[in-house]
Amino acid sequence: MFSSLIAWFTASAQWSSTTGIPTRLLQHLGYTALTVLVAAVIAVPIGLYIGHTGRGRFLVVGLANGLRALPELGVLVLFVLLIGLGLTPVVLALMLLAIPPLLAGTYAGVSGVDPAAVDAARGVGMTERQILVQVELPNALPLMVAGLRTATLQVVATATIAAFVSLGGLGRYIVDGQAQRDFVQMAGGAVLVALLAIVLEVALQGLQRAVTPGVRRTRSTPVVGKTDTVTVGG
Amino acid sequence: MRLFGADILPLAAEHIVLALVPVLLGLVISLPLGWWAWSSRGARRILLPLTGVLYTIPSLALFVVMPLVLGTRILDPVNVVVALTIYAVALLVRSVVDGLDEVPGEVLTAGVAMGYRPLGLLFGVQLPLAVPVLVAGVRVAAVSSFSLVAVGAIIGQGALGTLFTQGFERFYTAQIVFGLVSILVLALVIDGLLMLLGRLLAPWAAARAPQRQAV
């Protein structure tokens, strides 16, 4: 079994053809990057607003709790039936997964900034906009990156399912292998997806550490820590 | 009860079993592992990152790799149960550590002074005080388990998730919506029951900090 898996990985067609591993990998990363980017454009400003003003907090909590129970596969096929095959329904379905952690991370980051620092900034005559950009945003960065990490991992995992609704990406190998009763192909795809997720997790963990100032913490993320583990697992 | 050409009740029962058995197994495995990670710095340094990596592996990939690891057939429900147990352990080890961390040092000292032996202290003092954090972890594990079982439908083992794959093949929106609603309702009912169980086991926690596991 393992030798045929190695043969599957090392076959030359696997690395040159248009359905080969590099193409599938790029497609997978493409869906993920597009989704996280669009989700961030929506979630970060809302999170900043809620964190800065304290208005609409229930939205953050409600979304994070409610969307966890939603089965992604069902949402994905529903969107495809409503919108039609293509990239749009997949990105929309994946966005539902990416928005809550990004929103929660941004909100928790901004609202967790030391009120004394914000008061001091106000005291020296900073405008609300300056406070947000120069004081709250830099201080919120570690938790925002924690949200980004959760969102990315969630999306990369669920993008695997996109192959079921006729898109590309690494999930193709699992879905095609299932259709062709080709277990080697399925296992190969699964190993690739798992490796990709682990590599991204390690990279984003590194990024999170890089933006966290001061003493290295022994426990990675204090506040989002709980939401962190809450939403993953596609 | 037949709906959309399928027997719904057996599917729902299968879904509940496939979702909850792993959470139960996960809790049983996590308690000693979490205690070990709590009591030893070295174990914590290995176990917590390891569970983090396990939790990162996408569910579909884990379902597919299981037969390789376990030697089962691809359509064996054991694959889904073991894969979801791994997720539950990954989540709950952290909850056990967090829960035990919550117990104040002076309470432990008082317990020792009253003559509790280590095991008695664990079951008589530490675990009861860790219940709110544990229940919060179990609720998260259970709710996500319900949605993860459905993913198994792609490899022919998804209980209510088959409503999604079949509905997609037949372009039948109502069937998909029905699947979504039924899985959501099941997950929320279980979540509510677990919340009640938490209140029963640790009535002081709800009064003290109602919002604590929210964000």
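The bend at a residue, as the term is used on this tour, is the angle between two axes, one fitted to the seven residues ending at that residue and the other to the seven residues starting there. With that in mind, please remember throughout that the model in your viewer is a predicted one.

**Stop 1: chain A as a whole**

You will find 11 helices and zero strands, so that line of elements, read along the sequence, is α-α-α-α-α-α-α-α-α-α-α under the DSSP runs used here. Taken along the principal axes, the C-alpha atoms of chain A fill a box of roughly 65 × 40 × 25 Å. Of the 234 residues in this chain, 48% count as buried, and among its contacts with a separation of 6 or more, 74% come from residues 24 or more positions apart.

**Stop 2: helix α3 of chain A**

Next, select residues 21–53 of chain A, which make up helix α3. Its 33 residues should span 48 Å at 1.5 Å a residue, and the end C-alpha atoms are 47 Å apart, which agrees with that expectation. Now centre the view on A:A40, where α3(A) bends by about 30°. Moving on to what follows the helix, you reach A:G54, a residue whose phi is positive, near 80°.

**Stop 3: A:L102 and the nonpolar core**

Which residues have the most contacts inside the largest nonpolar core? They are A:L76, A:V77, A:A98 and A:L102, in a core of 124 residues. The largest share of this core comes from α6(B), with 16 residues.

**Stop 4: chain B as a whole**

Turn now to chain B, whose secondary structure comes to nine helices and two strands. From the N terminus on, its elements run β-β-α-α-α-α-α-α-α-α-α. The C-alpha trace of chain B spans about 65 × 40 × 25 Å along its principal axes. Of its 215 residues, 45% count as buried, and residues 24 or more positions apart account for 70% of the contacts in chain B with a separation of 6 or more.

**Stop 5: two helices of chain B**

Select α4 of chain B, residues 77–102. Is this helix mostly covered or mostly uncovered? It is mostly covered, with 20 of its 26 residues buried. At 1.5 Å a residue, α4(B) should span 38 Å, and its end C-alpha atoms are 37 Å apart, which agrees.

Then select B:W36, which is found in helix α1 (residues 8–39) of chain B. B:W36 counts as partly exposed because 17 other C-beta atoms lie within 10 Å, whereas a buried residue would need 20 or more and an exposed one 12 or fewer.

**Stop 6: where the chains meet**

Finally, show both chains together and select the 43 residues of chain B that are in contact with 42 residues of chain A. On the chain B side, the elements that give two or more residues are α2 (41–56), α3 (59–70), α4 (77–102), α6 (118–151), α7 (162–169) and α8 (173–201). Of these, α8(B) gives the most, with nine residues. Coloured by residue type, this side of chain B divides into 33 nonpolar, nine polar and one charged.

Definitions and conventions:
Residues numbered from 1 in each chain as written. Chains lettered and ligands numbered in written order. Predicted model: local features only at pLDDT ≥ 70, side-chain atom pairs only at ≥ 80, totals over all residues. Contact = placed C-beta atoms within 7 Å. Helix = DSSP H or I, 4+ residues; strand = E, 2+ residues; numbered from the N terminus. Nonpolar A, V, L, I, M, F, W, Y, C, P; charged D, E, K, R; others polar. Expected span 1.5 Å × (residues − 1). Core = buried A, V, L, I, M, F, W, Y, C linked by C-beta atoms within 7 Å.
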